[in-house]
Amino acid sequence: METITQNIQTVPLNYYIILSSVLFVIGVMGVMLRRNAIVIFMSIELMLNAVNLLLAAFSATLRGKFLYSLLWLLQLRKLQ
Amino acid sequence: MSQSIFYLLGFVTLLFALLVVFAKNPIHSALYMVMTFFSITCHYILLNAQFLAIVNFIVYMGAIMVLILFAMMFLNLGKDSEPQKPIYLKFAAVIAAGLLMLTIFAAIKKTDGGEITGIPVNDLGLVKNLGKTLFKDFLLPFEIISILLISAMVGSVLLAKREIN
C-alpha cells in the first residue's frame, strides 16, 4: 500500500477532473439518448459516480470526505 | 508506472460507460454498468481511499446492480423491443452532449487553479483515520445523517404496509 501511495503522486489532478467530466457527459448523453426508464436511471447513477470520483480526487488533497458522505446518503435514500 | 495504470483504468471506465449507453439490450447495459463500477472502485484504490472502495464495491456492485437486474427480470423490462427514438433525435442527443463536453473543457481550461500537478495523498481514506475524523470532527452531522436515514426507513416501512391494506 505504501508504494501505491507514493506512485499516485505523479498523477495530476487535472486528469481526474477531465476523466470525471467525460463520465458525466456520457451519463447526460445516456439520459437524452435512451427511452427505457431503467437505463435512464443507470445513466443518472453514472453521473453521480462521476461526481463521487471527482470528490474523492479532491479529498485526496482537501478534507472532502464529508461531502462524499453527503452524496452517499442520497444514494442510500434512493436505494430505500 | 502509476500514470499508465491510470490511463488503462480511465480507458476501461470510459469504454464501458459508452457501452452502457449504446448497448441495445438493457440487461447488457446493466452488466456493462457493473464493469464501470468495478473500474471506478479501482480508481478509489489508486486514490488511497480504501473505505470508499470497499463501500462502492459492496453497495453499488452488490446491492444496487442486483436490485436493478431483479427489477428488470421481474417486471420483464429487459426485452429487446425497446422503443427506439428516431435517428435525428439520437443525433441531436449526441451533438448536445458534445457541446456540453466542449463547454466543460473550456471552463476547465480557463481556470487557473487547475495547475496542481501531483496529488499529495493523505491517509484520510483509510478506515481507521476516516472513523476518527467522523467521530471527532464531524460527530454532529453524522448523528443528523443517522436520524435522517432512520426517518427514511420508517417512512418506507409505513408506505409498504399501507399498500397491503
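Biologist: In which element is A:Asn14 found, and why is A:Asn14 called partly exposed?

Modeller: A:Asn14 is found in helix α2 of chain A; helices are DSSP runs of H or I with at least four residues, strands are runs of E with at least two, and both are numbered from the N terminus. With a 1.4 Å probe and protein chains only, buried means under 20% relative accessible area, exposed means over 50%, and partly exposed lies in between. A:Asn14 has a relative accessible area of 22% and is therefore partly exposed. The C-alpha atoms of A:Asn14 and A:Arg35 are 34 Å apart, at a separation of 21 residues in sequence.

Biologist: On what conventions do these values rest?

Modeller: This is a predicted model, in which local features need pLDDT of at least 70 and side-chain atom pairs count only at pLDDT 80 or more, while totals for chains, interfaces and linings use all residues. Residues are numbered from 1 along each chain as its sequence is written, chains are lettered from A and ligands numbered from 1 in the order in which they are written, and side-chain values use heavy atoms, leaving out hydrogens and water.

Biologist: How many helices and strands are there in chain A?

Modeller: Chain A has 4 helices and 0 strands, in the sequence pattern α-α-α-α. Of its 80 residues, 54% count as buried.

Biologist: What makes α2(A) roughly antiparallel to α3(A)?

Modeller: Axes are lines fitted to C-alpha atoms, for helices over the stretch in contact, and angles run from 0 to 180 degrees between N-to-C directions. Angles under 35 degrees count as roughly parallel, over 145 as roughly antiparallel, 65 to 115 as roughly perpendicular and the rest as oblique. The axes of α2(A) and α3(A) (residues 37-59) cross at roughly 170 degrees and come within 8 Å, which means that the two helices are roughly antiparallel. Contact means heavy atoms within 4.5 Å, and the residues in contact include A:Tyr16 and A:Phe24 of α2(A) and A:Met47 and A:Phe58 of α3(A). The contact divides into 19 nonpolar, 4 polar and no charged residues, where Ala, Val, Leu, Ile, Met, Phe, Trp, Tyr, Cys and Pro count as nonpolar, Asp, Glu, Lys and Arg as charged, and the others, Gly among them, as polar.

Biologist: How do you know that α2(B) and α3(B) are roughly antiparallel?

Modeller: Helix α2 (residues 26-46) and helix α3 (residues 50-75) of chain B pack at about 175 degrees, with axes 9 Å apart. By the same cut-off, α2(B) and α3(B) are therefore roughly antiparallel. Their contact includes B:Phe37 of α2(B) and B:Tyr60 of α3(B), and its classes are 20 nonpolar, 2 polar and no charged residues.

Biologist: Why is the pair of A:Tyr15 and B:Phe6 called stacked?

Modeller: Rings of Phe, Tyr and Trp (its six-membered ring) pair if their centres lie within 6.5 Å; planes under 30 degrees apart count as stacked, over 60 as edge-to-face and the rest as tilted. The count comes to 8 aromatic pairs over all chains. For A:Tyr15 and B:Phe6 the centres are 6.1 Å apart and the planes at 20 degrees, so the pair is stacked. A:Tyr15 lies in α2 of chain A and B:Phe6 in α1 (residues 2-22) of chain B, so this pair joins two chains. A:Tyr15, at 29% relative accessibility, counts as partly exposed, whereas B:Phe6, at 5%, is buried.

Biologist: What makes the pair of A:Tyr16 and B:Phe6 edge-to-face?

Modeller: Their ring centres are 4.7 Å apart and their planes at 65 degrees, so the pair is edge-to-face. Both residues are buried. Ring pairs link A:Tyr15, A:Tyr16, B:Phe6 and B:Tyr7 into a cluster.
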